[in-house]
Amino acid sequence: MQREAVNPTEWGLGFFMNQGEVIEDATRHLRCSGQVSLQPDENAEMGLSVAHPGDMAGQIGEALASVDEILKGAEMDRSNIVFINFFTTDVDAFLANYEVYASWIQPSGVMPPQSLIGVSRLVMPDLLVEIEVQAAA
């Protein structure tokens, strides 16, 4: 797979993201459902409860760990990510904890385009962030 960064402006580089990327020669494409910070909980209605309630950094880290597991299951890694959507109920808190994502993606050597979208609520009221990725190989 070949990647070509497209950055008519450079402000996104400080956020470890390109404004766009041209992807060539990819033969496999992975789209992940939104990953959130959940943990098994036999006492919860759905058998799951929110891990790290009220902790944006903890929830970002937990969701990214889930992304890693999906990538591994698809025989890919972070370097294969071509796009990320972040959904959050608190944009300011997400940006204050952006370093969790930056330190996660930086070793991969890629800066996938991304969107940060503020929402009023996620599937469970205590969830603060949901992360969707697309990857290609």
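1. Which residues have the most contacts inside the largest nonpolar core? They are Tyr 101 and Ile 131, in a core of 25 residues. A nonpolar core here is a set of buried Ala, Val, Leu, Ile, Met, Phe, Trp, Tyr and Cys residues joined through side-chain atoms within 4.5 Å. Buried means under 20% relative accessible area (1.4 Å probe, protein chains only).

2. A word on the source. This is a predicted model, where local features need pLDDT of at least 70 and side-chain atom pairs count only at pLDDT 80 or more, while totals for chains, interfaces and linings use all residues. Residues are numbered from 1 along each chain as its sequence is written, and side-chain values use heavy atoms, without hydrogens or water.

3. Back to the largest core, with 25 residues. Two or more residues each come from α1, β6 (81-88), α3 and β8 (129-136). α1 gives the largest share, six residues. Helices (H or I, at least four residues) and strands (E, at least two) are DSSP runs, numbered from the N terminus.

4. Ile 131 touches residues including Ile 60, Leu 64, Val 67, Ile 84 and Phe 86, leaving aside residues up to four places away in sequence. Contact means heavy atoms within 4.5 Å.

5. Now the helix pair. α1 (residues 56-73) packs on α3 (residues 98-105) at about 30°, with the axes 8 Å apart. The two are therefore roughly parallel, a term for angles under 35 degrees. Axes are lines fitted to C-alpha atoms over the stretch in contact, and angles run from 0 to 180 degrees between N-to-C directions.

6. From α1, Ala 57, Ile 60, Gly 61, Leu 64, Val 67 and Asp 68 meet Val 100, Tyr 101 and Trp 104 of α3.

Methods: Parallel < 35°, antiparallel > 145°, perpendicular 65-115°, else oblique. Buried < 20%, exposed > 50% of the residue type's maximum accessible area, 1.4 Å probe, protein only.
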